[in-house]
Amino acid sequence: MAGQQFQYDDSGNTFFYFLTSFVGLIVIPATYYFWPRDQNAEQLRLKALRKVHGRCLWYRLRLMKSQQSIIPTLKKVALLIGWALFLFLAYKVSKIDREYQEYNPYEVLSLDPGASVSEIKRQYRLLSLRFHPDKGGDEVMFMRIAKAHAALTNEESRNNWQTYGNPDGPQATSFGIALPAWIVDQKNSMLVLLVYGLAFMVILPVVVGTWWYRSIRYSGDQILINTTQLFMHFMYKTPNMNMKRLGMVLTAAFEFDPRNNKEATIRPTDNIEVPELIRDLGNINVKKKEPPFCYPYSLKARVLMLSHLARMEVSEDIKEDQQFVVRKSPALLQEMVNVCCQLTMMANSRGGFRAPRLVSIENCMKLSQMIVQGLQESKSPLLQLPHFEEEHLRYCVSKKYKVRSIQDLVGLKDSDRRNMLRFLGEEKYEEVMAVLGSFPLITIDIKLQVLDDEDSNNITAGSLVTVTVTLTRKRMLDFFEKEQQQVCGPEDLNTEEGQGDVSKNKSKVWQNKNKAAKKTSKSKKKKLTKKKAPQQQQQKQDKQKQANGTVAGNEVVPSTKEEEDEVSDKGSDSEEGETNKDSPSERDDESDTEPDEMGGDDEEEWKTLQQSIQRRERALLETKSKITHPVYSLYFPEEKHEWWWLYIADRKEQTLVSMPYHVCTLKDTEEVELRFPAPSKPGNYQYSVILRSDSFMGLDQIKPLKLEVHEAKQMPDNHPQWDIPETEEEEEDQEDSDGIEESEEEEEDNE
């Protein structure tokens, strides 16, 4: 039986096959992933953002980096060298002759297959005269000729060749190992052993150990675990944390300590420049001895952060350090929000555990806005816009305009806005309007329900409440365009009668509905006491007009939200009176239609339940990009995208109702489900749905959420589906007895 024999490739040809495959497996995927993308696309993107973000610090740094960077060129050179090596090895492999070929004696004797014995002998004699060693021929070739002659003329050799492929019979199977010849050379044995030991016993364990040591120091969000523990300690120690102490805790993070992070540096010039900044800033608790606030790295980071919020000029030596602190702060503040949520959940699950107050969590969110925009808490949100300075705010807060926020500025008429901003030139005014138009305008739609319940609209004590919040993101520019469309000329007024009045009375998108509701409730009380009967008649006429859709051939103008609220509030008493006056026949008709309406409601609930399940499945499978819209930030050193916090809170009790959801994928629309357990006691509860930006100041929104909790249903002791009637039991007993009697009669017949 043939044996097996392993031998090294002395010629080194097999090694080229292995090397070619190895280089190809590296070069081909590396080209796909690391080949620099089209630089023109990035340049075009930056060019499109230039009109709005041209003055931003991150834009100027990105533009300089793209012009000065040589990394794309180095990547291209390295990949081209890899491809050149791969092509050279492929060419080398193509020129290697096959060493292991099937043995064919006819080819050795230069005969056609099936030649006769006489032809074989004749050819052998001719080749022997030519290659015999005694006559100066090739000895190796003569041995091959003799072996081929024997394979074709000797019966045993011929059988061996036909059976085993060799005239000598079965041979040992040879396997070539793809290693170069110099590795197996005895002279290089010690060198090869030393290289193997160094690679696999020293370098590999060191690399794996270093990677593991670094990875276990960081959490999933690439925040040092020591920093998370530090935040948890101070958040638990101070549940009600003001903004000043929050800044101290933030800058005490170990990310700013050079011993824990190599990106953080301590410079010799810090002893001169940091005290100068401290004198300019004023009181920042320099003499506080509580660790780690008194450590040099924490003091330096705090000074750099406060100078950034004050928009102070710093020297070039520490400007890079300031940008590093500012760049790291939003992620650290997000970690602080996560820590507050963890402490809140622990406090809810355990008794006697202090949870952070709502003001501490909201201060973290506000500080993120302040750092991105480079503004102090007391400053006006209008300073986020370009060309706005402190001395310009007196034009805005005057008695004529009273503009104190971004919303107030957007709500002005174009003529008033131009007149108020007359201190800006035409070019600067256009730039301000372009930036203002890029700001986000978020509309919130809230739906309250209890999933997995027969009556999803009935909230009982202790049930799991699901609040579905639909966020729709638009731009302030869309509001400007609508405003311009509503401002019609004299020719348009003839064709669109009444629409101008409606546009004047139209409420602002961001207007707080609470205030409007309070105003309407006050006016309602006054008006209801005067004339109830005329109002009821007017309401009936309005309802008839809305139902018919036209009045005397003219189009009906839709009423505003404020007017609808007033009408609904005013008509509450009159509607009750009308319902009491209904005739018995009308009540019967209504009772007949109730089952159909209930059936339709059940179908709608079933459809919404199925849609929510499908949404959850899609959310689990889909991975959305966190690249949304770039934030306009004059002093932030890195491109920041719009992200939001969405949560439900009890502002009266200063507690969280649902954990903040970090919305990082809001491009156009986003649907978020917030869940929380309903209170254990029945009653009416006033909550707030709060949307906060992590980048813009003054764009937060608070929507009221009224929760009416009913008494929980009692579970029945005996469910009807488990109750078996007595008649059914008797029938089953009778059937069993009949079956027994029939079986007995059959047995008797058989006997």
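Contact in this briefing means that heavy atoms lie within 4.5 Å, and helices (H or I, at least four residues) and strands (E, at least two) are DSSP runs numbered from the N terminus. The model is predicted, so local features need pLDDT of at least 70 and side-chain atom pairs count only at pLDDT 80 or more, while totals for chains, interfaces and linings use all residues. Residues are numbered from 1 along each chain as its sequence is written, and side-chain values use heavy atoms, with hydrogens and water left out.

- Helix H10 covers residues 225-237, and its 13 residues should span 18 Å at 1.5 Å a residue, which agrees with the 18 Å between its end C-alpha atoms; the expected span is 1.5 Å times one less than the number of residues.
- The buried residues of H10 are Thr227, Thr228, Leu230, Phe231, Phe234 and Met235, where buried means under 20% relative accessible area, exposed over 50%, and partly exposed in between (1.4 Å probe, protein chains only).
- Viewed down the axis of H10, these buried residues fall within an arc of 160 degrees, so they line one face of the helix; the arc is that of the directions from the helix axis to the C-beta atoms.
- The cover over the buried residues of H10 includes helix H11 (243-251), helix H14 (316-349) and helix H15 (358-373).

**Serine 368 in helix H15**

- Serine 368 has its place in helix H15, and it counts as buried because its relative accessibility is 1%.
- Leaving aside residues up to four places away in sequence, serine 368 touches Pro330, Leu333, Trp645 and Asp694.

- E3 pairs with strand E4 (residues 464-475) in the antiparallel sense over 10 bridges; aspartate 445 stands opposite threonine 470 in E4, and threonine 443 has threonine 472 in E4 as its bridge partner.
- E4 and E10 run antiparallel and are joined by 9 bridges, and the bridge partner of valine 467 in E10 is leucine 674.

Methods: Pairing = 2+ DSSP bridges.
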